[in-house]
Amino acid sequence: MLSFFKSKYNLTESEFAEKFFAELRKKVNGLELVSINGLEVTTKLKDSDNYRHFLDNSYAEYKNNPKDLKNVLEKYTVASKDLFLPEEPIQPNRIVPVIKDKRYLIESSKIIEDFENTHVYEKYNSELYIFYAEDKENSISYFTKEKYAKLNLDLESIKETAVENLNSVVSKMERHGENGYFMLTAGGDYEASLILFDIWNKENFPVNGNLIIGIPARDVILVTGTNDKENIERLKKTINEINETGDHIVSDKIFEFKNGQFELWE
């Protein structure tokens, strides 16, 4: 029977944003609300600049599991609380590589003024970029060129450092699946970044044809082979579904391992 009563788990974007701010204000003394615009919350602390909180990922997590609202709000407000702490130098042993696609670059440039020129990243292939960030206790902090300049590291050195650090940051890597279709897990935050590891061979992933992968979200990396029609369709379906309803989206494309790295699979 249809119900005409609104479910307490059916929050609109603005209602979710209001709850986010209320929870964040409990953690940050003196925090003021400047505005709420859908999933964008702008706050201010005393005489500081405004802070903008983008809740797309947290709202997507909530929609996928509405009963987990309390945990979702706790997770993301704890991370946002770090924005208001005194700025500290980057810890080189906590620098990590984060894989994003060109959509992220385009959208971030719309939101953050001069984003492309102020943040530290490099092109990986025609679709993907490697962004460099600091893995903090409660959050992943993308750092600016201004902070990066104080490290006195060139981009090649920072990439080597970040990939080495990733080894200690990720949990134990595990391969799941069979019959030429696999999923790789490593803790839930950096699976997409595993494309930078030297693990991509037929011994580790016995597939039919050349290795191809999907990385629809930061915590999902799926593997099959170029000659496996059934599993390719399975891969495409999963990529599309996650891009439509998932959080921390990375890419809607398929990539083939060629000449030592992944390239867009045509």
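A salt bridge is taken here as a side-chain nitrogen of Lys or Arg within 4 Å of a carboxyl oxygen of Asp or Glu. The model is predicted, and a search of the whole structure finds 13 salt bridges. E23 forms a salt bridge with K27, with 3.3 Å between the closest N and O atoms. Both E23 and K27 belong to helix α1, where they are four residues apart, about one turn of the helix.

E23 also meets K26 in a salt bridge, with an N to O distance of 3.4 Å. These two residues, E23 and K26, are three residues apart in helix α1, which spans residues 13-27, and this spacing is likewise about one turn of the helix. E23 counts as partly exposed because its relative accessibility is 21%, and buried would require a value under 20%. K27 is partly exposed, with a relative accessible area of 23%. K26 has a relative accessible area of 63% and is therefore exposed, the cut-off for that class being over 50%.

## The segment around S251

A polar atom of the S251 side chain lies 3.0 Å from the backbone nitrogen of K253.

K253 takes part in a further interaction through its side chain, which meets that of D252 in a salt bridge with an N to O distance of 3.0 Å. Elsewhere, salt bridges that share partners join E23, K26, K27 and E74 into one network.

## The loop containing G187

G187 lies in the loop between β9 (181-185) and β10 (211-217). With a relative accessibility of 58%, G187 counts as exposed. In sequence, G187 and D219 are 32 residues apart, while their C-alpha atoms are 7.8 Å apart in space.

## Surface patches

One of its members, D154, lies in the loop between α6 (145-149) and α7 (155-169). D154 has a relative accessible area of 47% and is therefore partly exposed.

A nonpolar patch on the surface is formed by F54, I111 and I112, which together have about 210 Å² of accessible area. Within this group, I112 is found in the loop between α4 (102-111) and α5 (115-118). I112 is partly exposed, with a relative accessible area of 34%.

Key:
Residues are numbered from 1 along each chain as its sequence is written. This is a predicted model: local features need pLDDT of at least 70, side-chain atom pairs count only at pLDDT 80 or more; totals for chains, interfaces and linings use all residues. Side-chain values use heavy atoms; hydrogens and water are left out. Buried means under 20% relative accessible area, exposed over 50%, partly exposed in between (1.4 Å probe, protein chains only). A polar contact is a pair of N or O atoms within 3.5 Å; within protein, one must be able to donate a hydrogen and the other to accept it, and residues adjacent in sequence count only if both atoms are side-chain atoms. Patches are made of residues with over 30% relative accessible area and no salt bridge: like charges are joined within 9 Å, nonpolar side chains (Val, Leu, Ile, Met, Phe, Trp, Tyr) within 5 Å. Accessible areas come from the Shrake-Rupley method with a 1.4 Å probe; for residues, only the protein chains shown count as cover.
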